[in-house]
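Hi,

Here is the structure I promised to pass on. Have a look at it first, and then read on for what turned up.

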Amino acid sequence: MSSSAAGHDCCGGFGNIDFRKVARWEQRTRKLSRAFGSPYLACYFLGSSILLLNVLRSHCFTQAMVSQPKMEGLDNHTTYFLGLVLLGGGIVFVLSSFFALGFTGTFLGDYFGILKEARVTTFPFNVLDNPMYWGSTANYLGWALMHASPTGLLLTVLVALVYVVALLYEEPFTAEIYRQKAARLHKSS
């Protein structure tokens with residue numbers, strides 16, 4: 001197998017898994033929660049799988065960038081510094097989102113029936129809607145700029161488009177489950 005064929009295998013199969021479908025299936029059937037004996041254990045398993053696949057995605061992203069030529073117009077100190085700033089900002093948004101939501105809030109816990117008292121509205125959610133997605137996109141954009149990589153820029157656009165599509169499904173779902181929770185709490189009081 002040639003090294004270029006191996007590179008394609010790196011980013012192939014697992015990237016096509018749609019964990020929102022798995023989570024929505026769980027939300028309807030609770031089969032994972034029963035199989036693991038707990039919605040928390042099932043969510044930790046799914047979240048760990050997502051996290052490991054994100055590491056693989058980042059590795060494949062980097063391999064795709066470094067195996068392609070640089071763009072001369074981007075290969076300068078100013079662009080590198082801008083990329084570094086974007087990467088730093090992205091890390092702040094991703095980590096602060098994770099700390100605000102916790103593991104289960106970050107990794108589809110709401111589909112397992114694991115909800116916060118209310119939707120999180122503190123930093124970074126008071127600055128930016130969906131800071132985890134946009135922070136992650138900023139990370140990829142920053143990394144691409146630091147590597148002066150047109151391939152990285154193209155892949156960043158693809159990542160951002162996937163996140164936009166994901167949000168079309170996630171936002172209404174999250175709004176609805178917290179609306180239902182608020183209605184139940186209001187009804188019981």
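A word on terms before anything else: two residues are in contact when they have heavy atoms within 4.5 Å of each other. Please also keep in mind that this is a predicted model.

The mean pLDDT of the protein is 87, and 89% of the residues reach at least 70. Confidence is highest in helix H6 (residues 131-146), at 97, and lowest in helix H1 (residues 3-10), at a mean of 42. Across residues 1-15 the pLDDT stays below 50, and this stretch has eight contacts in the model beyond near neighbours in sequence.

As for the overall build, the protein has seven helices and zero strands. It has 189 residues, of which 33% count as buried. Taking the contacts between residues at least 6 apart in sequence, 80% join residues at least 24 apart. The protein exposes about 11400 Å², with carbon and sulfur atoms supplying 66% of that area.

Now to a spot on the surface. Phe36, Tyr40, Leu41, Tyr44 and Phe45 form a nonpolar patch there, with about 490 Å² of accessible area together. Helix H4 (residues 39-66) gives the largest share of the patch, four residues. Phenylalanine 36 belongs to helix H3 (residues 31-36). Leaving aside residues up to four places away in sequence, phenylalanine 36 touches Leu41, Ala42 and Phe45. Is phenylalanine 36 buried or partly exposed? Its relative accessibility is 32%, so it counts as partly exposed. Tyrosine 40 lies in H4, and tyrosine 40 is partly exposed too because its relative accessible area is 42%.

Helix H6 is also worth a look. H6 has 16 residues and spans 22 Å from its first C-alpha to its last, close to the 22 Å expected at 1.5 Å a residue. How many of the residues of H6 are buried? Twelve of the 16 are, which leaves H6 mostly covered. Among them are Pro131, Tyr133, Tyr140, Leu145 and Met146, along with Gly135 and Gly142. What do the buried residues of H6 pack against? Their partners are H4, helix H5 (77-106) and helix H7 (150-188). After H6 comes alanine 148, which has a positive phi, near 50 degrees.

Best wishes

Note on methods
Residues numbered from 1 in each chain as written. Predicted model: local features only at pLDDT ≥ 70, side-chain atom pairs only at ≥ 80, totals over all residues. Heavy atoms only, no water. Helix = DSSP H or I, 4+ residues; strand = E, 2+ residues; numbered from the N terminus. Buried < 20%, exposed > 50% of the residue type's maximum accessible area, 1.4 Å probe, protein only. pLDDT = per-residue confidence, 0-100. Patch = residues over 30% accessible without salt bridge, like charges linked within 9 Å, V, L, I, M, F, W, Y side chains within 5 Å. Areas by Shrake-Rupley, 256 points an atom, 1.4 Å probe, with all protein chains shown as cover. Salt bridge = Lys/Arg side-chain N within 4 Å of Asp/Glu carboxyl O. Expected span 1.5 Å × (residues − 1).
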